[in-house]
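Here's a quick briefing to read with the model open beside you. Have a look at the fold, then work through the topics below.

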Amino acid sequence: MSEVFSPCEDMETDVKATPQAVKRWQLSGTEAPRSGTRLSTWTPLNNRQSNLQLFEERANLVLHWFDLWTDKQRKHLLHSLLTRCTKSQLTYCGDLLTETLPVTQVDFAAVLPRFLSLYVLSFLSPRDLCSVAQVSWHWRVLAEQDCIWAGRCVRRGWFLPYTPAEKEFGAWKNHYVSCVSTLDWLTPREAAEQYGTLNRPSTGMTEEEDERRKERRIRQMIREKLQEEKRLSLRTRRPWGSYTKQEGVRCGPNSRMTSSSWPSLAWPPKSVESSSLCLSRDGGQSMRPAQSVERVQAAGSFSERANKACGALSSFTYRPAQRRAVSPIHHHATALLLLLSNRVPAYEMVLSGAKAGVIVVVYEHRGALSALFTQAERVVSGQTVQRLGLLAPGGTEEIDLLQSRTLSERTLLAPDLREFWKKLCGLVAPTADGGGIDIFSPLAASAPGVALIQALSALTGLEVLAPMGLVTGSFQNILSEWSDSSVRVGLSDQQPAAPALRYVCEDVLQGWCRQAKWMDEALGELRVCLGPQLQRVSLQARGRALGHFLWEKIGLEELSVSKDLSEALIEGLAALTRQEETIPLEFLSVFLSRWSEEKESEESPEDKWRTGGANDLSLAPSDSQRLLPELPQMVLDWRGAVARELHHSECLYLGRLGSVLKLYQEPLTAALNSNRAILGYADIQIILSPVTQILELNRVFLVDIQARLQQWDADQCIGDVFVKLCSSLRVYTNYLNNYTTALCTIDKCRETKPAFRAFLKRADRTLATHMLSLQELLLCPVWRIQEYVTLLQALSLHTHPVHPDHTHLSSALNTLLRYREFIQKLKRNSDRDRLLEETQQMIRGCPNLSEGNRQLIITQDAALLRSPDEQIPDCLRTFEQVSDVGLFLFNDALVLTLRNIHHTPFTLAHRCTHTFLASVALTSLAVREITHTRYVCHAFVLEGPCRSWVCATDRGEERSHFLSALHSAIHSALTPHQ
């Protein structure tokens, strides 16, 4: 190239040229040959010095233009340059700006994490926190957090009277400000006048003013106590209109009411002579028999209702005591405490039949001893109960108190059980006051059971009663005679099942004892489907019924009546619910009259003492004489009673087996022989042939029993008959081995053969089959083995060791005990297989569960949680629920499932579906509990080899039960490897 392109000349030409000339130059420049320049930069490429000089000149030119531009143009240029910079160039710009304009002040609340900002603010005083809240909205949000103000309120005893809503803000701060604003501040001068100073003590009050002040304080305290007790009684009484009079419960002057429902308080005495407080329900008044008799004769039947109203009223009114009256009657514990396990079949029926004055505690069978005692201690509220009842699954030798704790003679002296019974019996009145323990399992029917009764009585110092097991079938042994640890030979001084009738009404108890096993099937499905809904609906129904009756039907807030009349009306209606009156309005009028007399008599205690005291207790002697039964003085042969019960129950047993042959085998065989077969010969033999063998064996057994009973005396033996039966137990073994096959054959033929289905529909559940189906009749031999064990235990207990029959009875009992254990093992294996099969069908996409000796221990519903930041400590970490999960704990693995809830339209029922999520072997699983905070509660962490899950249950008890079972399963799984 002959000449060098001069950029300076080009610039001068561009300044003077027109836009058309610039355009022409650009077009002509693009056609020039590429000789060492680039048109995009006008920079020579082969001359380094020229490049630097040209760059400096153009940079100066741009800076000159930058100085001449406006602020808007400068910002536009900077924005364009920064958007074209790389990340490293932007970093350089940031560092340069930091050096030029160093940061000397910064908002720590905007830089530090939230929990650190709250920790810094927690050191400020309340006044400083209020100042901080005025800085900005962000600082106000931090300064009014509940975690800062809740501790300050709680330390001063200022508790929030309600639970803040989920999105409520600043509740604890507002409560703190309101409490501080209502404090009674005293100036130094006022404090000196009231309390005095070091140099000048306060003058004090006169003796008369001091007495008046004390009297006002006592009246106010008792008034507040009465209001609290009335509120408590309204909360604990039964719903309006739901009362049904129960047998053995009377209301009147001598009625026994629970002290928790209607406590009595004595008013402070108004006279100087009477200085003692009367805390008994009757007040310890003296009686005037003459006046009482005149009233009874004059009033007639109307006085009976008046006495009832007075008796109901006397439970919550007061009467002053006189020094010259008879000694006050001490108020003994009248309430009964019944511990009812939720593992008992159809326990809801027992709960519905509880008598008045019985405190029923339905406890979780999977729980712990400490939780059971805490639950019992909480419901009694510091009172002393008269007797303690225990209704839990058990037999003649032990009681399944909890799932993990069995009560027997061997385990009673374990440290935890011994401590539990010592604490629990501290809630029961002593034996001198009628205290004791009633166990609903037939422990008195066997020698190990009697030993357990004796050990428990020696440990607690209380009388322990249990059924003697002389009645067979389901839970009917509760209806038999009850006995303590002594072996009696005489007739009891009380009717059968008398201890149980203290707790439950007789009709309900008899129905439950006979039908518990049948009702449990229906109630089991009801618990699964509607359990949570029924619990919530029952709580809502109680409050709605009471509120609807008081405020909508009666409308007390609209009545122009005094406060005393409103209270009297409420108490009268409450007393009416405890009665069964044919004329309720007359009873209510009598009650209100008595209330008015009580109020008027407060001014004259002497008149009330003379007129009302005798009337309340005038019928006491006649009632007590009527309640004392005539005790028979005869001797009863307990061995003969057991033998007769054996014969009676054996006849019923053979009648049921005979109905199987008569109503099922004979018609099916006749139809087969007449070429109109309903079932084939092989199916008939599989289903009914083992029953024929058992029937032949037990007919011989019944003949032997009848022969011994015809010649019964004190030396008669019956043990050799049982030994003969035990030698042929191979028949029962064949029956039990074929039992599952027989049931499967019945189900298969019922589905595939319509004629057999119609035949079962005609034959099942008729009077001839004792209202039982064919499948239920085939279960009778299994039940009969348990009945044999109970009766043999009762015979052995009442047979002297030197009796010739004792050796045979012991041998037969040991054989049948081993055989019962064999049956229970078969049942456990069947339940395990059935449960695994149901679980396999319940979980979609689940691997095969029927492997090895796998057993399902427990299932638990939980919520799967997730934390946005895993680095924050657990006490400050927040969690959000991801989904609902199901935890299925097996003896070797833990299976997690995704749980979906589907509600049925127009009903309260819902169903759950499970989808397989993960499974972890127990040998590689670790469990860690999360401390309860305001952000999460009842949570725990399951840590597997690859990942972990944070789960939370709805209640703390559920978490305790599940983690206890999980720890035990992990320990059992690790033990063989160690």
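Which residues have the most contacts inside the largest nonpolar core? They are Phe722, Phe756, Leu774 and Tyr788, in a core of 60 residues. Before going further, bear in mind that this is a predicted model, where local features need pLDDT of at least 70, side-chain atom pairs count only at pLDDT 80 or more, and totals for chains, interfaces and linings use all residues. Residues are numbered from 1 along each chain as its sequence is written, and side-chain values use heavy atoms, with hydrogens and water left out.

**Nonpolar cores**

- A nonpolar core here is a set of buried Ala, Val, Leu, Ile, Met, Phe, Trp, Tyr and Cys residues joined through side-chain atoms within 4.5 Å; buried means under 20% relative accessible area, exposed over 50%, and partly exposed in between (1.4 Å probe, protein chains only).
- The 60-residue core draws two or more residues from each of helix 27 (638–673), helix 28, helix 29, helix 30 (730–752), helix 31 (754–763), helix 32 (774–777), helix 33 and helix 34 (806–842).
- Helices (H or I, at least four residues) and strands (E, at least two) are DSSP runs, numbered from the N terminus.
- Helix 27 gives the largest share of this core, 11 residues.
- Leaving aside residues up to four places away in sequence, Phe756 touches Leu668, Ile678, Leu679, Ile746, Cys749 and Arg750 (contact means heavy atoms within 4.5 Å).
- There's also a second, separate core of 39 residues, with Val361, Leu372, Trp421 and Cys425 among them.

**Helix 19**

- Helix 19 covers residues 447–460, and its 14 residues reach 20 Å from first C-alpha to last, close to the expected 20 Å (the expected span is 1.5 Å times one less than the number of residues).
- Its buried residues are Gly449, Val450, Ala451, Leu452, Ile453, Leu456 and Thr460.
- Those buried residues pack against helix 18 (415–425), strand 6 (436–439), strand 7 (463–467) and helix 33 (780–797).
- Just after the helix, Gly461 takes a positive phi of about 75°.

**Salt bridges**

- The structure holds 26 salt bridges, each a side-chain nitrogen of Lys or Arg within 4 Å of a carboxyl oxygen of Asp or Glu.
- Lys724 pairs with Asp704, with the closest N and O atoms 3.5 Å apart. Lys724 sits in helix 29 (residues 719–726) and Asp704 in helix 28 (residues 681–710), so the pair ties together parts 20 residues apart in sequence.
- Lys724 is partly exposed at 45% relative accessibility, and Asp704 is partly exposed at 22%.
- Arg899 and Asp861 meet at 3.6 Å, N to O.
- Arg899 is buried at 11%, whereas Asp861 is partly exposed at 41%.
- Salt bridges with shared partners join Arg387, Asp438, Glu463 and Arg502 into one network.

**Around Glu463**

- Glu463 lies in strand 7 and is partly exposed at 30% relative accessibility.
- Beyond four places in sequence, Glu463 touches Arg387, Thr431, Gly435, Gly436, Ile437 and Asp484.
- Glu463 and Asp484 are 21 residues apart along the chain, with 7.1 Å between their C-alpha atoms.
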